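Please read the sequence and the model below side by side. The text after them goes from the whole chain to a few residues.

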Amino acid sequence: MSITVKDVEHVANLARLELSEQEKEQFTEQLNAILKYAEKLGELDTDNVEPTSHVLPVMNVMREDRVHESVTQETALKNAPDEEDGQFKVPAVLE
């Protein structure tokens, strides 16, 4: 697979970028170098490698769910700049 100047122009158009001819050539070369490097991965023998979704082992680090007393409504509203009917009152953002 190879990237052409036309491919770079298409992506630049989608991204609403204006590129000079020099930049188009530069990006074409850089993207082709990236693809060439990525092709090296195809040369690796991965037959005996188990597929993984993470490089490191992942384990659940969440705490156990425990029922405990919650914050009261009065405590939650204690520092509110404004409240009405037991709820935070905020300025309207729509007209």
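Three helices and two strands make up the secondary structure of the protein chain. Starting at the N terminus, the order of these elements is α-α-α-β-β. The model is a predicted one.

The overall dimensions come next. The C-alpha trace of the protein chain spans about 65 × 50 × 15 Å along its principal axes. Its radius of gyration is 28 Å, whereas a compact globule of 95 residues would have one near 12 Å. Of the 95 residues in the protein chain, 7% count as buried.

Helix α2 covers residues 21-39, and Lys 24 is found in it. Is Lys 24 buried or exposed? Lys 24 has a relative accessible area of 14%, and it counts as buried because the cut-off is under 20%. Leaving aside residues up to four places away in sequence, Lys 24 touches Val 5, Val 8, Glu 9 and Leu 19. With Glu 9 there is also a polar contact: the side chains of Lys 24 and Glu 9 are joined at 3.3 Å.

Phe 27 is found in helix α2 as well. Its relative accessible area is 31%, and Phe 27 is therefore partly exposed, since that class lies between the 20% and 50% limits. On the surface, Phe 27 forms a nonpolar patch with Leu 31 and Ile 34. Together, Phe 27, Leu 31 and Ile 34 have about 260 Å² of accessible area.

Note on methods: Residues are numbered from 1 along each chain as its sequence is written. This is a predicted model: local features need pLDDT of at least 70, side-chain atom pairs count only at pLDDT 80 or more; totals for chains, interfaces and linings use all residues. Side-chain values use heavy atoms; hydrogens and water are left out. Helices (H or I, at least four residues) and strands (E, at least two) are DSSP runs, numbered from the N terminus. Buried means under 20% relative accessible area, exposed over 50%, partly exposed in between (1.4 Å probe, protein chains only). A polar contact is a pair of N or O atoms within 3.5 Å; within protein, one must be able to donate a hydrogen and the other to accept it, and residues adjacent in sequence count only if both atoms are side-chain atoms. Contact means heavy atoms within 4.5 Å. Patches are made of residues with over 30% relative accessible area and no salt bridge: like charges are joined within 9 Å, nonpolar side chains (Val, Leu, Ile, Met, Phe, Trp, Tyr) within 5 Å. Accessible areas come from the Shrake-Rupley method with a 1.4 Å probe; for residues, only the protein chains shown count as cover. A salt bridge is a side-chain nitrogen of Lys or Arg within 4 Å of a carboxyl oxygen of Asp or Glu. The radius of gyration is taken over C-alpha atoms; the globule rule is 2.2 Å times the number of residues to the power 0.38.
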